[in-house]
Amino acid sequence: MIVRVYSSALLGVDGIEVEVEVSAFNAEKPAINIVGLPDAAVRESSQRVTSALTTSALSWADGVKTINLAPADLKKEGPRFDLPIALALAETAGAECIIEPERYSMIGELALDGMVRPVRGVLSMALEAKRRGRTRLIVPAANAAEAAVVEGLEVYGVDNLRQAWDFITGQRVLAPYELDRKRLFDTRRHYEVGLEDVRGQHQVKRALEVAAAGGHNLLMVGPPGTGKSMIAKRLPTILPDLTEAEAIDSTKVHSISGLLGKENALLVTRPFRAPHHTISDVGLLGGGTNPGPGEVSLAHNGVLFLDELPEFRRQTLEVMRQPLEDGYVTISRAAGTLSFPSRFMMVAAMNPCPCGYYGDPKRECRCSPPKIEKYRQRISGPLLDRIDIHVEVPLVEYRELASDESGETSAVVRGRVEAARQRQVERFSGQGNVTCNASMPSKVMREHCRIDATASGYLEHAMNELNFSARAHDRILKVARTLADLADSSDILPEHVLEAIQYRTLDRKLMM
């Protein structure tokens with residue numbers, strides 16, 4: 001006899017339905033053969049499944065069992081097929097049958113005693129099950145909340161194999177997992193820090209607001225102890241709240257990386273990733289033997305903070321140029337090509353020199369000119385061109401540190417940012433993936449970033465005197481558009497262009 005049940009595999013961040021076929025026939029020597037491009041973890045499932053069936057008091061047909069995981073040209077990885085294989089094998093005994101198997105999709109790893117263990121990527125698989133028209137999804141109990149994020153799908157969390165078998169054969173009643181999405185967003189969407197914690201640094205906070213309002217990349221340069229890291233960590237608190245679609249996209253990436261806890265079924269605040277400067281190319285961009293997402297994808301819809309930017313290996317930084325431009329990472333291997341989303345805001349911080357005190361009015365720099373030049377040349381011009389806003393972060397005066405006056409709260413600043421973003425949403429409606437000023441392609445930019453003769457004269461003078469690149473020219477206009485949005489101006493005024501130019505002069509100082 002042949003038994004068919006349905007499960008899912010992962011291809012990048014997306015789920016791909018897998019049909020689990022089990023064929024059993026009599027033979028002198030019993031055996032279990034798994035075909036369909038299984039990896040080692042899938043091949044080993046025969047040992048886990050037979051032990052789990054025995055301890056769960058479930059039988060299966062004698063003889064040779066051939067288990068086919070279709071489509072056969074897609075590599076199957078991990079232990080997530082244990083549960084569907086076990087349930088299909090149990091049906092070959094002929095005592096009971098799965099009721100309406102086409103309604104179900106099943107995922108889960110089995111322990112030797114029949115307990116069902118959680119697996120990665122359940123959200124992607126749940127989305128695929130819904131797309132394929134499956135109405136019921138059986139998952140490990142620990143993954144039920146994550147799968148229940150998908151509306152229109154009945155999710156059943158099971159603790160052990162026997163419970164799953166009794167349910168799908170009609171011997172037991174289980175209630176679908178209920179998830180209150182609104183309550184989840186309302187109770188989890190908060191930050192423990194705020195922009196009001198930052199004393200002084202008014203110019204830097206202004207640059208942070210502009211960056212948040214337009215989705216622009218930001219570079220902060222200043223001596224140690226001026227609050228660069230502190231400011232960067234507060235950027236997510238002034239960004240607009242995640243939409244449900246953005247939350248699902250970000251959660252998918254974290255799910256396949258195994259970074260979701262049992263109590264963290266859905267990301268409801270924007271991701272903030274801060275990798276150490278010793279990170280490898282694969283750790284930052286993604287890849288590996290079984291390609292997975294890197295830090296740039298884990299920061300999708302959030303912030304990627306690179307502290308001590310020149311300390312990163314130059315080659316590692318250079319691999320970020322493509323995801324910064326395109327919003328996704330493409331990883332090619334012999335077995336195929338995978339894409340991972342990577343639409344994030346990059347925030348970087350660095351010292352002006354190796355000792356950190358070049359140009360400081362109170363502390364003497366101990367670095368020689370060649371040493372300073374070598375340090376600054378670790379950051380390439382093309383990478384700097386992709387950072388829209390450069391701002392200097394000076395030391396904070398004592399009177400500002402000791403002051404009892406607190407600055408604007410994150411909520412107040414976020415209100416202005418959200419108003420500016422709403423103008424952009426309305427402006428770019430119907431124009432594809434353009435969601436903010438920073439993501440405008442050239443054609444859209446020419447339409448929405450027109451400037452008058454006075455502003456054009458300012459920009460021409462800056463281009464000639466400071467030798468800006470064509471890319472820097474476009475970045476200036478995009479930042480100017482954001483400044484106009486913050487000022488609730490339909491037109492880009494000369495003062496907006498002048499402020500945007502001021503945010504670009506730092507890259508020429510670094511290259512001098």
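I count a charge as sitting over a ring if NZ of Lys or CZ of Arg is within 6 Å of the ring centre and within 35 degrees of the ring normal. The model is predicted, so I need pLDDT of at least 70 for local features and 80 or more for side-chain atom pairs, while totals for chains, interfaces and linings use all residues. I number residues from 1 along each chain as its sequence is written, and side-chain values use heavy atoms, without hydrogens and water.

**Charges over rings**

I looked up arginine 427 and found it over the face of phenylalanine 428, 5.5 Å from the ring centre. The charged end of arginine 134 sits over the ring of tyrosine 6, at 3.9 Å from its centre.

**Aromatic pairs**

I searched the whole structure and got three aromatic pairs (ring centres of Phe, Tyr and Trp, its six-membered ring, within 6.5 Å; planes under 30 degrees apart are stacked, over 60 edge-to-face, the rest tilted). One of them joins tyrosine 104 and phenylalanine 167 edge-to-face, 6.1 Å centre to centre with 90° between the planes. Tyrosine 104 is in strand β5 (residues 104-106) and phenylalanine 167 in helix α6 (residues 161-168), so this pair ties together parts 63 residues apart in sequence. I take helices (H or I, at least four residues) and strands (E, at least two) as DSSP runs, numbered from the N terminus.

Buried or exposed, tyrosine 104? Tyrosine 104 is buried, at 3% relative accessible area (buried is under 20%, exposed over 50%, partly exposed in between; 1.4 Å probe, protein chains only). Phenylalanine 167 is also buried, at 7%. Tyr104, Tyr156 and Phe167 form one aromatic cluster.
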